[in-house]
Amino acid sequence: MDVLTRDLQEDVPWCMLFANNILLIDKTKEGVKGKLELWRSTLESKGFRLSGSKTEYRVCNFNSNRSSEGFVTLRNQDINKITHFRYLGSIVQSDGEIDGDIISRIQAGWMKWKNASGLLHDRKVILKL
């Protein structure tokens with residue numbers, strides 16, 4: 001993917017590749033639309049296809065003066081708008097808060113504790129283990 005799209009890639013954080021995921025960032029929705037169309041046309045010219053059903057976008061509207069109205073489309077198909085994004089266990093919320101990420105990490109920790117506590121309290125397991 002790096003070789004196929006080398007001429008499209010910008011500096012981090014404006015464009016990042018994660019395994020089979022591409023993250024495109026711009027200050028405006030029109031900028032994202034333009035980047036998405038450029039990536040689509042470049043990948044299709046090389047035999048690849050962007051899936052409209054798997055593509056999502058998220059708006060971080062930290063400046064209340066900016067409008068977040070309108071749609072992002074890919075080949076006349078509306079792209080799903082999401083409010084949070086999870087990658088490698090971290091949750092990034094569109095409002096800039098970290099509550100969702102903290103709650104998710106606490107829940108994951110308790111689930112791991114619950115899974116291990118059965119073994120820790122089992123009297124059949126010898127103490128050396």
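Predicted model: local features only at pLDDT ≥ 70, side-chain atom pairs only at ≥ 80, totals over all residues.
Arg40 counts as buried, with a relative accessibility of 12%.

One partner is Glu37, whose salt bridge with Arg40 brings the closest N and O atoms to 2.3 Å from each other. Both residues belong to helix 1 (residues 29–45), where a spacing of 3 residues separates them by about one helical turn. Glu37 itself is partly exposed, at a relative accessible area of 35%. The other partner is Glu44, which meets the side chain of Arg40 in a salt bridge of 2.5 Å, N to O. Here the spacing within helix 1 is 4 residues, again about one helical turn. Glu44 is partly exposed as well, with a relative accessible area of 24%.

Arg105 pairs with Asp101 in a salt bridge whose closest N and O atoms lie 3.3 Å apart. These two residues are 4 residues apart in helix 2, about one turn of the helix. Arg105 is partly exposed, with a relative accessible area of 46%, whereas Asp101 counts as buried at 15% relative accessibility.

Helix 2 (residues 99–120) has 22 residues, so at 1.5 Å a residue it should span 32 Å; its end C-alpha atoms are 31 Å apart, which agrees. Buried residues of helix 2 include Ser104 and Ser117. Among the elements that cover the buried residues of helix 2 are strand 7 (84–87) and strand 8 (90–93).

Notes: Residues numbered from 1 in each chain as written. Heavy atoms only, no water. Expected span 1.5 Å × (residues − 1). Buried < 20%, exposed > 50% of the residue type's maximum accessible area, 1.4 Å probe, protein only. Contact = heavy atoms within 4.5 Å. Salt bridge = Lys/Arg side-chain N within 4 Å of Asp/Glu carboxyl O.
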